[in-house]
Amino acid sequence: MDLYPVVLEWLSMMVRWLHVVAAVAWIGTSFYFMQTDMKLQSSPELPDGVQGEAWQVHGGNFWNMVKYTVAPKRMPSTFTWYLWDSRVTWLSGFALLILVYYLQADMFLIDKSVMDLSPWQAALFSFLSLAAVWFVYDGLCRSRLGNHDVLLAVIVYVFLVVLAFAFTHVLSGRAAVNQVGAVVGTFMVANAFFVIHPNQRKTVRALRSGASPDPNLVKKARQRSIHNNYLTLPVVLLMISNHYPLLYATKYNWVIVAIILALGPVIRHYFNSRHAGKGSPWWTWVVAAIGMVLVLFLSAQGPAHAEEAPRSLIELVDGASTDAVPNIAAVQAIIGTRCLMCHTTRFSWGRFAHPGGNVSFDGVSEIQRYAGLIETNAVLSNAMPPGNFTGMTAAERRQLMAWIKAEKSKDE
């Protein structure tokens, strides 16, 4: 038995577990402090130098959270720093990038119908782009644009949309969307590592030495913290996008990413506004609903990078397809040529320890059983085969759609 796929899969599982746990800790802490900061209330009874306080109840205890304008008159000897949750999130995420995408580039990182790259070229592009775009983003924040929060936010948003478009024209759809998520995650972690935490340490050192800290340190750190807060919801969805082929493997995947990058901050604005006592801007949910309807419509427009896109979901519902219905033997031939190497219990190929997604197409009954998955992953999108490394053609996808439509009509 070849142990490589077994070890790779279990290693991927353990690293993914660590990644999720670290991300939960980081995001939870970030959301908690942002909410607490916005709920602070001032009072005449508060001592000098205290900006506000918030009383909380948790775990059967009462908690009095106090925020100082700069620092207390007597600096404590120790602080609780929140450093490693963000760092472990990025390090484990990058490890996953290596395990899933770089070591299996021919399946998950490359789509030769998009760009004919070698595995090392695709991996190098992915890695270098993570570093390069951080320097662009950081440069924008440190420039004069950094003094104009709204304008800076708009430019960063446009920059991310351009990146999404570029990535979908170099990498596979799955890898491209994940790469945008990795870029945003890198922004957030680098913000903490290079700006927020160093500025906090400089402020503490200045106060302990009796000097006045530079107010710009706090201002810049808070700006990056706000960026992280508004980027959190989009990055979470982008990082789990590999589970949703209609998001990453359809014709307008980069537009869908652009909508997600806009909707996340809109939703966060609702909660931030409520936490700050500025009311409940219900219009944000209307915008979110419209955005999600638009995402649904765009995801139904067929696969990405198909020379002859098969009928869209709307055409399928309307019964507009006039393709001849193939018999089950023809369907089996397509599945056997394009899909069976991964989706079988009788392995002759050593890339997997078990059928992909625990789905096998060994017989007619299995193909019929998983017709819905075939429709989503290989007809309405080109998620399967991964990176189209077995070369499924647009004509074959159309044949599968015609067969699936006929199967549905039998059940009506």
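Predicted model: local features only at pLDDT ≥ 70, side-chain atom pairs only at ≥ 80, totals over all residues.
Numbering starts from 1 along each chain as its sequence is written, and side-chain values use heavy atoms, with hydrogens and water left out.

Okay, the build. The protein chain has 15 helices and two strands; those are DSSP runs, helices being H or I with at least four residues and strands being E with at least two, numbered from the N terminus. Its C-alpha atoms fill a box of roughly 80 × 50 × 50 Å along the principal axes. Of the 412 residues, 47% are buried, meaning under 20% relative accessible area with a 1.4 Å probe, protein chains only.

Now contacts, which here means heavy atoms within 4.5 Å. If you take contacts between residues at least 6 apart in sequence, 67% of them join residues at least 24 apart.

And what about the inside? A nonpolar core is a set of buried Ala, Val, Leu, Ile, Met, Phe, Trp, Tyr and Cys residues joined through side-chain atoms within 4.5 Å. The largest one has 60 residues, and Tyr101, Leu109, Leu160, Val183 and Phe187 have the most contacts inside it. Helix 6, residues 173-208, gives the most to this core, with eleven residues. Take Leu160: leaving aside neighbours within four places in sequence, Leu160 touches Val183, Val184, Phe187, Leu231 and Leu261. There's also a second, separate core of 18 residues, including Leu380, Met392, Leu400 and Trp403.

Definitions and conventions: Buried < 20%, exposed > 50% of the residue type's maximum accessible area, 1.4 Å probe, protein only.
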